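Open the model in your viewer and keep the selection panel at hand. This tour goes stop by stop.

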Amino acid sequence: MNGTTALSPWLPTAPCTPGHCAAHPGSAHRRSGAETDRAGAVRAVVRLIAGLGTVLLGLLLAPPAGLLPTATRLTLVRFWMRAVVRAFGVHVRYEGAAAPADGPLLVVANHVSWLDIPLIAAVLPGRTVAKSEVRRWPVLGTLAALGGTLFIDREGIMALPGTVRTMAGVLAGGGRVVVFPEGSTWCGRERGRFRPATFQAALDAGCAVQPVRIDYRPTDAAAYVGADPLGSSLWRVVTTRRLTAVVRLREPLPGALYPDRRALAAAAQRAVASDSANLPSLSVHQRSRSRSASASSARTPA
């Protein structure tokens, strides 16, 4: 998730910091000038309560939902994640089409915010790879653990091969894995290099890679970077008027076409960095009724 000061020379880091890359609470209102401070504060509190309430409701319903068939459970996950993002006041637009749901898939995306995870889960639910510190986050950490998150110790390079083997096992079993190969959050205006290690899992499992690009407008409101506290980021999101997320689903990359993980990582990074869209845009509501969304991840364990 969000980057911190490097404790190891190999640890991915970003130059982005809250002071330079993230908007401060209320700044979006001053720029728009559309509402009074009091009205904006009331709206922000309502959004915060609604968003956290939607997260908690999903946590309460998670145990009985686990007894449902996989396809039904994942449909509920997609609708739940859409409801969470919308409750926090984020408008979403999806472009492109998800890969077919009849096989394993490694989903890779650029990393800007904690919002990236529910945005992807709303259309491509799978097991997300995240740093071990996320497990200790209030509410969201429990949510991540219940969702089958694969936690990795970012400070220990010796743990990485084991994580890659676990990912390959999930993929070999027909599952879906979501990873942010930049290794840290970036502000959105700047992006990091895709680290190749996790792409080895796709090669070992013989599966395709689905590149995803995520953009926010305004970018600074969603950025969750550096030592930014989660509470500050939540407040910044709910106080920003018309925060919009654009999620672009690129054409899947067949892993068999690339000689090694470095070549595959470079191809995925080029696909994510491209400004061209594959297909006309679909709103999150349109996507819920489209063939590509209804077919996505029907056989993928959550």
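**Stop 1: α3 and α10**

Select helix α3 (residues 37-65) and helix α10 (residues 230-239) in this predicted model. They pack at an angle of about 120°, with their axes 8 Å apart. Helices are DSSP runs of H or I, at least four residues, and strands are runs of E, at least two; both are numbered from the N terminus. Axes are lines fitted to C-alpha atoms, for helices over the stretch in contact, and angles run from 0 to 180 degrees between N-to-C directions. The angle makes α3 oblique to α10. (Under 35 degrees counts as roughly parallel, over 145 as roughly antiparallel, 65 to 115 as roughly perpendicular, the rest as oblique.)

Now show side chains. A41, A44, V45, R47 and L48 in α3 meet L234, W235, V237, V238 and T239 in α10; contact means heavy atoms within 4.5 Å. By class, this contact holds 8 nonpolar residues, 1 polar and 1 charged. (Ala, Val, Leu, Ile, Met, Phe, Trp, Tyr, Cys and Pro count as nonpolar, Asp, Glu, Lys and Arg as charged, the others, Gly among them, as polar.)

**Stop 2: α3 and α4**

From α3, select R47, A50, G51, T54, V55, G58, L59 and A65; they meet R73, W80, A83, V84 and A87 in α4. The contact of α3 with α4 divides into 8 nonpolar, 3 polar and 2 charged residues.

**Stop 3: L52**

Stay on α3 and pick L52. Is L52 buried or partly exposed? At 31% relative accessibility, L52 counts as partly exposed. (Buried is under 20% relative accessible area, exposed over 50%, partly exposed in between, with a 1.4 Å probe and protein chains only.) Next, pick F88: its C-alpha atom lies 8.2 Å from that of L52, 36 residues apart along the chain.

**Stop 4: the whole chain**

Zoom out. The protein has 13 helices and 9 strands. Of its 302 residues, 52% count as buried.

Colour by pLDDT, the predictor's confidence in each residue, from 0 to 100. The mean is 79, and 77% of residues reach 70 or more. Select residues 25-35: pLDDT is below 50 there. Residues 277-302 are also below 50. Where pLDDT is low, the predicted coordinates should not be read in detail.

Residues are numbered from 1 along each chain as its sequence is written. Local features need pLDDT of at least 70, side-chain atom pairs count only at 80 or more, totals for chains, interfaces and linings use all residues, and side-chain values use heavy atoms, without hydrogens and water.
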